[in-house]
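Trainee: I am new to this structure. Could you walk me through it?

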Amino acid sequence: MRKQVQKERCTKIKLEKCPRVCCLYDKVQLAAARMLNAEPSIVQIECNIPLQLDEIPADDLNLPSETYTTDFVIHFTDGKIAVREAAFRSHLSRPSVAERLELSRRYWQQQGIDDWGIIIDKERVP
């Protein structure tokens, strides 16, 4: 989950399973998009979907009132829908990242989607 208005560079790619050009903002998101596009059980991927956060209670979260997006909404061949957020492993301990991920999970749960998860970068082996 990230702010809808990004001030950083993005990589724009066209994926076979995504109906529009994907704007990807980091290496984890780019790798995840390619991985999801190659998965045979997936028929469609949606990138950077805006969240309507006013629909869920976020009283205990300290996020600024901005528009956020979910990294990937995934449609499977069996009709199921899943949501995946891409994050760097090293960022997971940051309170702001944890709050955004929790807000995303709550939002999609309220939308009736229980298959929610996080895609993280590979663990570095010394």
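**A surface patch and the cysteines**

Mentor: Gladly! Leu92, Ile118 and Ile120 form a nonpolar patch on the surface, with about 200 Å² of accessible area together. Patches take residues with over 30% relative accessible area and no salt bridge, nonpolar side chains (Val, Leu, Ile, Met, Phe, Trp, Tyr) being joined within 5 Å; a salt bridge is a Lys or Arg side-chain nitrogen within 4 Å of an Asp or Glu carboxyl oxygen. Areas are Shrake-Rupley values with a 1.4 Å probe, and only the protein chains shown count as cover. This is a predicted model, where local features need pLDDT of at least 70, side-chain atom pairs count only at pLDDT 80 or more, and totals for chains, interfaces and linings use all residues. Residues are numbered from 1 along each chain as its sequence is written, and side-chain values use heavy atoms, leaving out hydrogens and water.

Trainee: Is Ile118 buried, partly exposed or exposed?

Mentor: Buried means under 20% relative accessible area, exposed over 50%, and partly exposed in between (1.4 Å probe, protein chains only). Ile118 has a relative accessible area of 37%, so Ile118 is partly exposed.

Trainee: How many disulfides does a search of the whole structure find?

Mentor: A disulfide needs two cysteine sulfur atoms within 2.5 Å. The sulfur of Cys23 is 4.1 Å from its closest cysteine sulfur, in Cys10, so they are too far apart for a bond. The search of the whole structure finds 0.

Trainee: What is the relative accessibility of Cys23?

Mentor: Cys23 counts as partly exposed. Its value is 22%.

Terms used. Patch = residues over 30% accessible without salt bridge, like charges linked within 9 Å, V, L, I, M, F, W, Y side chains within 5 Å.
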